Amino acid sequence: MRLRSRLGALDRRVFAAVADARLPGLERLLPALSRAADNSLLWAGVAGGCALSGRAPLRRAATRGLLAIGVASPMVNLVCKRFFGRSRPSLEGFPLARLIRVPASTSFPSGHSASAAAFATAVAMEAPLPVAAPVTLLAAAVCFSRVYTGVHYPGDVFAGAGIGVAAGVLTRRLWPAVPAVRLRRAARIRGMVPGNAVNEAEDD
């Protein structure tokens, strides 16, 4: 109980520090980003862009990302939130410009953070770094926005992100990843890459 009390006090102090922070240029951007992630619409849009790219790794990344959200979201919203029942942070004295609609659900863990981390983790398993890195940064920004807009404590966000990462990793059990060599071989058959690129990859 003493450890739980200390963690709760630390959580509230960090929340208060974020509430007092002023980040020029982000006062409007982060609330808008947080709203864009409602119901995972942001991630559905990113997945749609990946799917329409015509590239097999990005199509797989889109599918795996949505699968990961499908695992993480019910776990958070239907199980964890009902079990823990934590109240949302008090918004007394919180900057009005950053306030967004406070969800009716309980606070712990953060569903937005779980979906963001699940999608980013899953995409990183399939997509090349130039795609995976921006998606990961976007997911981190969504997670931070949930504290910055006053709807979650930092502990809610860390817990949600942890569940999301676990859900992303779990997709390997549900849908095994295709080895890169097989993807290159399939690309060679379709005439997309020269045969020696496949041979070099297989020699590695």
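Predicted model: local features only at pLDDT ≥ 70, side-chain atom pairs only at ≥ 80, totals over all residues.
Helices here are DSSP runs of at least four residues, numbered from the N terminus. Leu7 lies in one of these, helix H1.

**Largest pocket**

The largest pocket holds about 440 Å³ of space. Its lining is made up of 21 residues, and those nearest the centre are Asp38, Asn39, Asn77, Gly111 and His112. Two or more lining residues come from each of helix H4 (56–84) and helix H5 (111–126). H4 is the top contributor to this lining, giving four residues.

**Second largest pocket**

The residues that line the second largest pocket are Arg4, Leu7, Gly8, Leu10, Asp11, Phe84, Arg86, Phe108 and Gly155. Helix H1 (residues 2–20) supplies five residues, the most of any element in this lining.

**Nonpolar patch**

Leu3, Leu7, Leu10 and Val14 make up a nonpolar patch on the surface. Together these residues have about 360 Å² of accessible area. Leu7 and Leu10 belong to this patch and also to the lining of the second largest pocket. Leu7 is placed in helix H1, the helix that gives the most to that lining.

Notes:
Residues numbered from 1 in each chain as written. Heavy atoms only, no water. 1 Å grid on protein atoms, 1.4 Å probe; cavity = no way out; pocket = protein on both sides within 12 Å on 5 of 7 lines; lining within 4 Å. Points joined across faces, edges and corners; volume = space filled by probe spheres on them. Patch = residues over 30% accessible without salt bridge, like charges linked within 9 Å, V, L, I, M, F, W, Y side chains within 5 Å. Areas by Shrake-Rupley, 256 points an atom, 1.4 Å probe, with all protein chains shown as cover. Salt bridge = Lys/Arg side-chain N within 4 Å of Asp/Glu carboxyl O.
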